[in-house]
Amino acid sequence: MVAIMEWAEINIYTSTEGIDAVTGSLIDLGITGFVIKDAQDFEDFLSDKSVNWDYIDDDLMGLKNCETTVTVYLTKDSEGLEQLSALKSALKAMKLADTDNKLGRLEFSMSDIYEEDWANNWKQYFKPIAIGDKLLIKPSWEEAAPDEKRKILEIDPASSFGTGQHNTTRLCLELLEKHLEKGERILDLGCGSGILSIGACLIGAESATAVDIDDNSVRIASENAGINGIPKDNYTAYCGDITTDSRLRERIGNGFDVVCANIVADVLISMSGYFSGFVKDAGKLIVSGIIDARCDEVLSAIESCGFELIEKHSREDWNAAYFIRK
């Protein structure tokens with residue numbers, strides 16, 4: 001019997017000017033198929049004098065006063081869940097940067113193709129997963145084997161990105177395991193569920209600072225840190241955008257041994273000029289969330305800001321890289 005793939009329909013509301021920004025972010029998230037509905041299409045159709053018509057289809061007429069919408073379909077599994085969480089963060093980042101309100105609402109609605117409620121059923125796809133040599137990522141509702149030798153990272157992502165199932169997260173955790181030294185301080189930019197900074201603490205980091213533009217992610221990351229037994233004095237979480245908020249950058253401080261950022265290409269590029277202000281001399285930078293098509297561009301931008309690329313790892317069209325500050 002062939003398994004039937006289930007999908008969730010996501011409608012993203014933007015403007016004609018926002019189409020390129022939204023679709024560009026979707027591509028950076030690995031979402032390459034989308035449907036665009038835009039009132040400008042109707043105007044272009046009417047102004048096309050090379051076409052003779054005496055009847056307009058109802059579907060085309062419906063474009064006349066529609067709100068510009070980009071529609072995508074995400075699989076209703078762990079990968080789709082991660083993409084939805086990352087999409088929410090990407091839209092929020094675009095909205096914060098759109099000070100002229102040119103990109104529309106930048107909000108989304110979700111309607112399932114099937115009747116099942118994804119929000120209630122997604123947990124079935126989140127199973128314990130071993131990463132590297134030291135960590136086992138598991139949700140609270142799953143049990144680890146009694147003789148498990150790995151450090152157990154218990155994570156409940158709720159609506160934030162980071163379960164360990166996505167290649168970008170796994171690549172980043174593997175690089176952290178390889179290069180993090182005991183007693184180091186780590187800064188996690190775009191923390192989502194907190195999985196990277198919490199994992200770092202479990203494998204030896206002395207303390208962690210986590211930052212995200214989504215206040216819900218900041219709350220979830222702090223809760224997950226507590227669940228994993230990390231003392232409050234050793235885990236600090238801030239909400240805000242480091243690229244626009246100088247006071248936030250001051251609060252975060254500097255001299256970190258390791259900075260990690262698992263985000264999308266455009267955000268990594270916009271952050272690249274700020275990384276050196278956080279990491280100490282000869283400190284470490286780990287970035288992930290980069291699709292193949294944007295990899296050279298992102299790595300070049302970071303290298304131009306005073307970092308030396310030491311190694312790069314890839315898995316299924318996704319890339320992560322490890323740098324040292326010169």
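What share of the 326 residues of the protein chain count as buried? The figure is 49%. This is a predicted model. The protein chain is built from 11 helices and 14 strands. Among contacts between residues at least 6 apart in sequence, 68% join residues at least 24 apart.

Start with the nonpolar interior. In soluble globular proteins, nonpolar side chains tend to be buried together. Here the largest nonpolar core has 46 residues. Leu189, Ile252, Val259, Phe275 and Val287 touch the most other members of that core. Helix H4, residues 78–97, gives the most to this core, with six residues. A second, separate core holds 36 residues, including Ile137, Cys172, Ala225 and Ile230.

Neighbours within four places in sequence are left aside. Val287 is then in contact with Ala261, Leu268, Phe275, Ile302, Asn319, Ala320, Ala321 and Phe323.

Two of those partners, Leu268 and Phe275, also take part in a helix pair. Helix H10 covers residues 265–278, and helix H11 covers residues 292–303. Their axes are 8 Å apart, at an angle of about 10 degrees. An angle under 35 degrees counts as roughly parallel, so H10 and H11 are roughly parallel to each other. On the H10 side, the contact is made by Ala265, Asp266, Leu268, Ile269, Ser272 and Phe275. On the H11 side, Arg294, Glu297, Val298, Ala301 and Ile302 make the contact. An α-helix has 3.6 residues a turn, so residues three or four places apart point the same way.

Back to helix H4. Gln83 is located in this helix. Is Gln83 buried or exposed? Its relative accessibility is 9%, so Gln83 counts as buried. Leaving aside neighbours within four places in sequence, Gln83 is in contact with Leu29, Gly30, Ile31 and Leu74. Leu26 is 57 residues from Gln83 in sequence, yet their C-alpha atoms are 9.1 Å apart.

Now take helix H6, residues 167–179. Its 13 residues should span 18 Å at 1.5 Å a residue, and its end C-alpha atoms are 18 Å apart, which agrees. H6 is mostly covered, with 10 of its 13 residues buried. Among them are the nonpolar-core residue Cys172 and also Leu171, Leu173, Leu175 and Leu176. Asn167, Thr168, Thr169, Glu177 and His179 are buried as well.

Strand S7, residues 151–154, contains Leu153. Leu153 has a relative accessible area of 0%, so this residue is buried. Leaving aside neighbours within four places in sequence, Leu153 is in contact with Leu136, Ile137, Lys138, Ile195, Ile198, Gly199, Leu202 and Asn228. Another, Leu202, is 49 residues away along the chain, with a C-alpha separation of 7.6 Å.

What about the cysteines? The structure holds zero disulfides. Cys239 is one cysteine without such a bond, and the nearest cysteine sulfur, that of Cys191, is 9.0 Å away. A disulfide here needs sulfur atoms within 2.5 Å, so Cys239 is in no disulfide. Cys239 is partly exposed, because its relative accessibility is 40%. Cys295 has a relative accessible area of 5%, so Cys295 is buried.

Asp317 is found in the loop between S13 and S14. Its relative accessible area is 53%, so Asp317 is exposed. Not counting residues up to four places away in sequence, Asp317 touches Ile290, Ile291 and Asp292.

Glu316 is in the loop between strand S13 (307–315) and strand S14 (318–325). Glu316 is not a glycine, but has a positive phi of about 50 degrees. At 62% relative accessibility, Glu316 counts as exposed.

Asn101 also has a positive phi, near 55 degrees, in a residue other than glycine. Where is Asn101 placed? Asn101 is in the loop between H4 and strand S4 (107–112). With a relative accessible area of 65%, Asn101 is exposed.

Methods: Residues numbered from 1 in each chain as written. Predicted model: local features only at pLDDT ≥ 70, side-chain atom pairs only at ≥ 80, totals over all residues. Heavy atoms only, no water. Helix = DSSP H or I, 4+ residues; strand = E, 2+ residues; numbered from the N terminus. Expected span 1.5 Å × (residues − 1). Buried < 20%, exposed > 50% of the residue type's maximum accessible area, 1.4 Å probe, protein only. Core = buried A, V, L, I, M, F, W, Y, C linked by side-chain atoms within 4.5 Å. Contact = heavy atoms within 4.5 Å. Axes fitted to C-alpha atoms, helices over the stretch in contact; angles between N-to-C directions. Parallel < 35°, antiparallel > 145°, perpendicular 65-115°, else oblique.
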